[in-house]
Amino acid sequence: MNKVMLIYFGMLLASVAAYYLFPKRTRWTVLLAFSLLFYLIISTYMAAFMLATAASVYCAARFLIKEVPHDAEAAVAKKLLKRNKTVIALTIVFNLAIIGVLKYFNFFGGMFGSLLALCGASVKMPVLKIALPLGISFYTLSAIGYMVDIYRGKYKAETNFFKFCLFICFFPQILEGPVSRYDKTAPQLIEGHSPDYEGITFGLQRILWGLFKKMIVADRLYLLVRTVAGEPSQYSGIAAVLFMVCYTVQLYADFSGFIDIAIGSAELFGIKLQENFRQPFFARSAQEFWQRWHITLGAWLKDYVFYPVALSPLVTGPAAKLKKRVRNHFTKMLPTIVALFAVWLCNGLWHGPEWKYIVYGMYYFVIISAGMLTEPLFRKLYEKCGIDRQNAALKALRHIRTLIIILVGETIFGADNLKDAFTILGSVFRPYGGSVFALGLDYKEWIIALVGMAAMLAAGIAKERGISIRGRMAAAALPARWAAYMAVAVFVVLFGAYGDMYQAVPFIYGSF
């Protein structure tokens with residue numbers, strides 16, 4: 001376990017103890033104090049950027065005119081609305097500029113330098129060497145979402161800066177999310193909760209399950225992933241396939257494992273964060289996969305990118321003119337396709353300033369758009385051939401197809417760069433002469449990893465069938481319940497990937 005997580009769990013233990021010692025009405029101040037302390041310990045002076053985001057969004061939201069008076073003249077109403085738009089635009093630009101400079105300056109500076117070189121100019125672009133503030137991609141999205149919701153009149157602006165600051169920097173979700181919505185999270189943070197046996201038990205269960213995913217599965221598979229990713233040209237065939245499968249499982253176990261820890265941590269305070277995963281590998285299409293994977297990011301992009309772009313006059317106007325001239329399924333879907341392009345470009349860039357992430361976003365854009373555009377064609381084809389789309393065999397084929405799409409996508413995402421990704425994908429059908437036990441995992445490590453993956457699969461199947469494992473555990477007899485908890489805890493302690501032979505692996509999404 002790395003240093004950040006050791007500090008995290010120490011802070012969690014201390015904050016839970018302090019939280020229930022304070023009166024209910026002031027318990028939110030305990031959360032704020034520990035959240036700021038955690039942020040200062042991990043990010044030190046970088047906390048200034050987080051506070052700048054919190055302060056700018058808080059002030060702008062308070063400055064917005066909430067309602068235009070009914071008796072206001074048209075010119076006055078127009079002026080007030082224009083002022084609101086200016087305020088929100090400047091605030092969003094300011095916060096995007098912070099993340100743009102810190103996270104994307106070198107990437108876009110390099111692109112600009114390359115373009116100048118193509119034109120014959122030799123300009124050396126400056127390179128910034130600044131560590132990113134903790135969770136900047138997550139808290140920036142939450143802050144912008146809050147700002148837009150205030151502008152839309154969804155709810156009133158928070159009048160207490162410190163309460164708003166807690167929403168931005170609540171430490172269980174600052175590392176990797178989920179991306180929170182103010183109306184769903186802030187009231188829970190501010191309201192003092194009483195200690196609840198079921199909530200605390202469920203929280204500890206969830207934390208233990210997250211550690212199981214991370215330490216038994218993700219960090220162990222990392223050994224194989226780094227072996228192949230380090231020299232992709234040396235591995236082919238089954239080695240390349242194992243990289244694709246193992247990285248995909250590692251990413252899921254790593255990311256969903258931390259989300260389990262974050263949600264479980266919040267439950268210790270009586271707070272329920274939003275779920276971020278819903279058995280994504282049971283999806284039967286790429287679109288469904290993204291409705292189950294990183295749910296809060298997808299929902300944010302839908303509400304604050306997709307709909308604004310799809311409904312923008314700049315898109316609907318030309319689309320309507322084209323539709324009058326050529327009426328078909330494509331022209332009908334044009335605003336949706338344009339909006340999807342914006343969503344997947346943002347999705348790719350959000351993950352990081354690298355071409356592989358942009359290509360990753362465009363990969364899913366092409367696949368999902370193609371699926372939507374060809375849907376009428378396939379529907380007619382099925383009808384003509386008398387094929388039942390709910391046929392079990394067809395469902396299985398769609399599931400296999402989706403898994404292949406996911407594996408290819410995560411290979412682009414997980415390789416060190418685009419060249420390496422294409423090297424791995426291109427070597428799948430070439431034979432591999434080595435042993436699978438020479439890829440970083442010996443047979444003992446494989447056994448433990450497979451046991452961990454089998455446990456994750458079993459839990460996923462149960463959830464997909466609507467079976468509440470936590471509910472059944474709660475209903476079990478006390479000795480049986482605690483025996484199960486102890487068995488998982490002992491398994492993590494005995495077989496977790498830590499110690500001298502393992503590298504401490506940071507949570508993957510912590511870098512985003």
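User: Which residues does Ile238 touch, not counting residues up to four places away in sequence?

Analyst: In this predicted model, Ile238, a residue of helix α10, touches Tyr432 and Val436 once residues up to four places away in sequence are set aside.

User: Why is Ile238 called partly exposed?

Analyst: The relative accessibility of Ile238 is 42%, and the class called partly exposed lies between the limit of under 20% for buried and that of over 50% for exposed, so Ile238 counts as partly exposed.

User: What makes α10 roughly perpendicular to α16?

Analyst: The two helices pack at an angle of about 80 degrees, with their axes 9 Å apart. Because angles of 65 to 115 degrees count as roughly perpendicular, α10 is described in that way relative to α16.

User: Which residues make the contact between α10 and α16, and how do they divide by class?

Analyst: On the α10 side the contact is made by Phe243, Met244, Val245, Tyr247, Thr248 and Leu251, and on the α16 side by Ile406, Leu407, Val408, Glu410, Thr411, Phe413 and Gly414. By class, this contact has 9 nonpolar, 3 polar and 1 charged residues; Gly is counted among the polar residues and Glu among the charged ones.

User: How much space lies in the largest pocket, and what lines it?

Analyst: About 1300 Å³ of space lies in the largest pocket, whose lining comprises 41 residues, with Trp209, Lys213, Met456, Ala459 and Gly460 lying nearest its centre. Helices α10 and α16 are among those that each supply at least two residues of this lining, together with α9, α18, α19 and α20. By class, the lining of the largest pocket has 26 nonpolar, 8 polar and 7 charged residues.

User: Which residues line the second largest cavity, and which helix gives the most to its lining?

Analyst: The lining of the second largest cavity consists of Phe138, Tyr139, Ser142, Ile168, Gln173, Ile174, Pro178 and Ser180. Helix α5 gives the most, with 3 residues, while α5 and α7 each supply at least two. By class, these lining residues divide into 5 nonpolar, 3 polar and no charged.

Notes:
Residues are numbered from 1 along each chain as its sequence is written. This is a predicted model: local features need pLDDT of at least 70, side-chain atom pairs count only at pLDDT 80 or more; totals for chains, interfaces and linings use all residues. Side-chain values use heavy atoms; hydrogens and water are left out. On a 1 Å grid over the protein atoms alone, a cavity is a set of points where a 1.4 Å probe fits but cannot get out, and a pocket is an open set with protein on both sides within 12 Å along at least five of seven lines; lining residues have an atom within 4 Å of a point. Grid points are joined across faces, edges and corners, and a volume is the space filled by probe spheres set on the points. Helices (H or I, at least four residues) and strands (E, at least two) are DSSP runs, numbered from the N terminus. Buried means under 20% relative accessible area, exposed over 50%, partly exposed in between (1.4 Å probe, protein chains only). Contact means heavy atoms within 4.5 Å. Axes are lines fitted to C-alpha atoms, for helices over the stretch in contact, and angles run from 0 to 180 degrees between N-to-C directions. Angles under 35 degrees count as roughly parallel, over 145 as roughly antiparallel, 65 to 115 as roughly perpendicular and the rest as oblique.
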